[in-house]
Amino acid sequence: MDTTSSAVAQAPAAEDGQPVHSARRTVDGYLRAPFPWYGLDEAFTGPRWLMQVGLSADGAVEHGSLGHGDEPSVRSEFAAGGDQDAKERFAVVVTVAANPVRRSADGTGLLEATSVSSAAWLAGVGLLSFTWPGQMDHSLRDDWLEQQTETAWVLADDLEGEDWSTLSLPVDGVPTSFHYRESEYGWVLAGSTRAGVHVGAYGRGMSAYGLGFAVVKDIAAYEG
């Protein structure tokens with residue numbers, strides 16, 4: 001899944017735990033994508049917001065994320081179990097183009113195929129970007145993230161393993177099977193659609209069991 005590694009940190013946060021709004025608020029990258037974007041369906045009536053897209057090695061838009069609910073801050077020792085943690089209810093939907101192994105644009109190499117595992121990995125790492133274990137020193141967070149990113153990779157590469165269960169959720173109104181897991185930090189799920197893309201999602205404070213996904217008809221509705 002090397003092609004997805006360019007946008008691991010899908011929503012960076014400042015050291016004080018507040019979200020960083022930098023260059024995320026642009027719809028341009030989403031409009032360049034040759035595939036449909038997925039978000040929560042119309043049953044969700046809360047805030048929607050742009051995050052960022054990820055590029056393949058040849059510069060093509062290959063995946064991206066859309067946020068729903070409260071824009072989260074990093075969950076750290078000051079938030080865990082507190083009022084802030086209780087108030088943050090969000091779900092992020094990750095869309096990944098379903099691509100086979102293919103030659104790069106310049107013809108010098110091959111781009112790896114994307115799969116449901118790609119969506120699961122991006123969703124797992126996305127959740128980590130909003131997570132910070134209690135009592136951890138700031139200087140250790142990079143090491144923790146590296147270790148947990150590797151764990152997310154291992155989990156995503158074994159979707160039939162005991163760490164995952166199966167959850168059926170509607171996608172464009174059609175019941176669809178997803179791989180699903182929970183942790184102390186939130187939940188992650190991943191599956192495929194009939195529209196030629198894989199969908200991953202992660203969240204906290206908002207149950208995954210009542211969610212539905214649908215093609216985004218107007219990406220500008222996420223500009224906020």
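Select Leu189: beyond its neighbours within four places in sequence, leucine 189 is in contact with Ala123, Leu167, Leu169, Phe178, His179, Tyr180, Val199, Gly200, Ala201, Ala208 and Phe213 (contact means heavy atoms within 4.5 Å). This is a predicted model, in which local features need pLDDT of at least 70, side-chain atom pairs count only at pLDDT 80 or more, and totals for chains, interfaces and linings use all residues. Residues are numbered from 1 along each chain as its sequence is written, and side-chain values use heavy atoms, with hydrogens and water left out.

Next, select Trp37, Leu189, Tyr202, Phe213 and Ile219, the residues with the most contacts inside the largest nonpolar core, which has 57 residues. Such a core is a set of buried Ala, Val, Leu, Ile, Met, Phe, Trp, Tyr and Cys residues joined through side-chain atoms within 4.5 Å; buried is under 20% relative accessible area, exposed over 50%, and partly exposed in between (1.4 Å probe, protein chains only). Helix α3 (residues 116–128) supplies the largest share of this core, 9 residues. Helices (H or I, at least four residues) and strands (E, at least two) are DSSP runs numbered from the N terminus.

Move on to Ser129, in the loop between α3 and α4 (141–156). Serine 129 counts as buried because its relative accessibility is 9%. A polar atom of the serine 129 side chain lies 2.5 Å from the backbone oxygen of glycine 126.

Now select Glu88 and Arg204. Their side chains meet in a salt bridge at 3.3 Å, N to O (a side-chain nitrogen of Lys or Arg within 4 Å of a carboxyl oxygen of Asp or Glu). Glutamate 88 lies in the loop between α2 (83–87) and β4 (90–97) and arginine 204 in strand β10 (residues 197–204), so the pair ties together parts 116 residues apart in sequence. Glutamate 88 is buried at 8% relative accessible area, and arginine 204 is buried at 6%. A search of the whole structure finds 1 salt bridge.

For the strands, show β2 (residues 48–55) and β3 (residues 61–69), which run antiparallel and are joined by 6 bridges; strands pair if DSSP finds at least two bridges between them. Leucine 55 stands opposite valine 61 in β3. The two strands form a hairpin with 5 residues between them, and glycine 59 in the turn has a positive phi of about 90°.

Finally, colour by pLDDT, the predictor's confidence in each residue from 0 to 100. The protein chain averages 79, and 73% of the residues score at least 70. Over residues 76–85 the pLDDT is below 50.

Definitions and conventions:
A polar contact is a pair of N or O atoms within 3.5 Å; within protein, one must be able to donate a hydrogen and the other to accept it, and residues adjacent in sequence count only if both atoms are side-chain atoms.
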